[in-house]
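Please keep the sequence and the coordinates in view while reading.

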Amino acid sequence: MQAEQFEIWLENKGRWNLHASFLSFEPASAVFSNRTYRQKLVRAVYEDGKLVLQEVIAEVGRTREEP
């Protein structure tokens with residue numbers, strides 16, 4: 001069985017952590033647009049509980065490594 005969800009990932013001290021997941025794009029997009037720090041909106045597809053596709057839809061925040 002295949003399932004799709006939209007995930008918001010936040011960066012904290014160089015590590016990406018899953019913050020929230022949604023079954024549809026609209027609420028995920030609304031939550032994503034209300035944040036200002038480093039984050040990614042990801043479309044994830046799972047098959048039998050295993051991740052088979054992860055597509056970054058949008059990324060905001062610091063995009064360049066700082067010294």
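E4, R43 and E55 are linked in a network of salt bridges, a salt bridge being a side-chain nitrogen of Lys or Arg within 4 Å of a carboxyl oxygen of Asp or Glu. The model is predicted, so local features need pLDDT of at least 70 and side-chain atom pairs count only at pLDDT 80 or more, while totals for chains, interfaces and linings use all residues. Residues are numbered from 1 along each chain as its sequence is written, and side-chain values use heavy atoms, with hydrogens and water left out.

**Sheet and helix**

- Four strands form an open sheet in the order 2-1-3-4 with antiparallel pairing, where two strands pair if DSSP finds at least two bridges between them, and where strands (E, at least two residues) and helices (H or I, at least four) are DSSP runs numbered from the N terminus.
- Strand 2 (15-22) and strand 4 (50-60) are the edge strands, each of which pairs on one side only.
- Strand 1 (residues 2-12) and strand 3 (residues 39-47) run antiparallel and are joined by nine bridges, and E7 stands opposite V42 in strand 3.
- Helix 1 (residues 25-33) lies across strand 1, strand 2, strand 3 and strand 4, and runs at about 155° to strand 3; contact here means heavy atoms within 4.5 Å, and axes are lines fitted to C-alpha atoms, for helices over the stretch in contact, with angles from 0 to 180 degrees between N-to-C directions.

**Salt bridges of R38**

- A search of the whole structure finds four salt bridges, and one of them joins E11 to R38, with the closest N and O atoms 3.2 Å apart.
- This pair links distant parts of the chain, since E11 is in strand 1 and R38 is in the loop between helix 1 and strand 3, 27 residues apart.
- Both E11 and R38 are buried, that is, under 20% relative accessible area with a 1.4 Å probe and protein chains only, whereas exposed means over 50% and partly exposed lies in between.
- R38 also meets the side chain of E59 in a salt bridge (2.8 Å, N to O), and this pair links E59 in strand 4 with the loop between helix 1 and strand 3, 21 residues apart.
- The relative accessible area is 37% for E59, which is partly exposed, and 15% for R38.

**Salt bridge of R43 and E55**

- The side chains of R43 and E55 meet at 3.2 Å, N to O, linking strand 3 and strand 4 across twelve residues.
- R43 counts as partly exposed at 23% relative accessibility, and E55 counts as partly exposed at 38%.
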